[in-house]
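Notebook open, model loaded. I want to go through confidence, helices, surface and ring pairs, in whatever order the looking takes me.

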Amino acid sequence: MKTKFLFIIISCFFFLKSNAQCAMCRAVLENEEGQSAAKGINDGIIYLMSIPYILVFGLGFFVYWKYFRKKA
């Protein structure tokens, strides 16, 4: 258990910045100067990727709140 916890903590501090673009988007957007459209596309992909995680977290919190909270 301590090993897993230590691994998670270390992973939070040592991460690599990744670009979330497919190969076709990258090939088209690399030719542009300034890279503002490429940064916008990356932000949009990250935004779209985060929505399912937020929904699953919300559902998990609701289930926890409904079934595992102590009743007065």
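Predicted model: local features only at pLDDT ≥ 70, side-chain atom pairs only at ≥ 80, totals over all residues.

First, the cut-offs I need for reading accessibility: buried is under 20% relative accessible area, exposed is over 50%, and partly exposed is in between. By that scale I looked up Trp65, and at 46% relative accessibility it counts as partly exposed.

**Confidence.** I checked the pLDDT next. The protein chain averages 78, and 75% of the residues score at least 70. Helix H2 (residues 23-29) has the lowest confidence, with a mean of 69, while H3 has the highest, at 87.

**Layout.** I counted the elements: the protein chain has 3 helices and 0 strands. Read from the N terminus, the order is α-α-α.

**Burial.** How much of the protein chain counts as buried? I get 6% of its 72 residues. The accessible surface totals about 7,300 Å², and carbon and sulfur atoms own 72% of that.

**Helix H1.** I took residues 2-13, which make up the 12 residues of H1, and got 17 Å from the first C-alpha to the last. That is close to the 16 Å expected at 1.5 Å a residue. Does H1 lie in the open or under cover, and why? The number of buried residues among its 12 is 0, so H1 lies largely in the open.

**Nonpolar patch.** I then went looking for greasy surface. There is a nonpolar surface patch of about 1,100 Å², made by Phe57, Leu59, Phe61, Phe62, Val63, Tyr64, Trp65, Tyr67 and Phe68. One of these residues, Tyr64, sits in helix H3 (residues 36-67).

**Ring pairs.** How many aromatic pairs are there in the whole structure? My search turned up 2. Phe61 and Trp65 form a stacked one, with 6.1 Å centre to centre and 25° between the planes. Why might these two meet? An α-helix has 3.6 residues a turn, so residues three or four places apart point the same way. Phe61 and Trp65 are 4 residues apart in helix H3, so about one helical turn separates them. Phe61 is partly exposed at a relative accessible area of 46%, and Trp65 is also listed at 46%, partly exposed.

The other entry is Tyr64 with Phe68: the ring centres are 6.1 Å apart and the planes are at 35°, so I log the pair as tilted. The cut-off behind that label is that planes under 30 degrees apart count as stacked, over 60 as edge-to-face and the rest as tilted. On cover, Tyr64 is partly exposed, with a relative accessible area of 48%. Phe68 goes down as exposed, because its 59% is over the 50% cut-off.

Note on methods. Residues numbered from 1 in each chain as written. Heavy atoms only, no water. Helix = DSSP H or I, 4+ residues; strand = E, 2+ residues; numbered from the N terminus. Expected span 1.5 Å × (residues − 1). Buried < 20%, exposed > 50% of the residue type's maximum accessible area, 1.4 Å probe, protein only. Patch = residues over 30% accessible without salt bridge, like charges linked within 9 Å, V, L, I, M, F, W, Y side chains within 5 Å. Areas by Shrake-Rupley, 256 points an atom, 1.4 Å probe, with all protein chains shown as cover. Salt bridge = Lys/Arg side-chain N within 4 Å of Asp/Glu carboxyl O. Phe/Tyr/Trp six-rings, centres within 6.5 Å; stacked < 30°, edge-to-face > 60°. pLDDT = per-residue confidence, 0-100.
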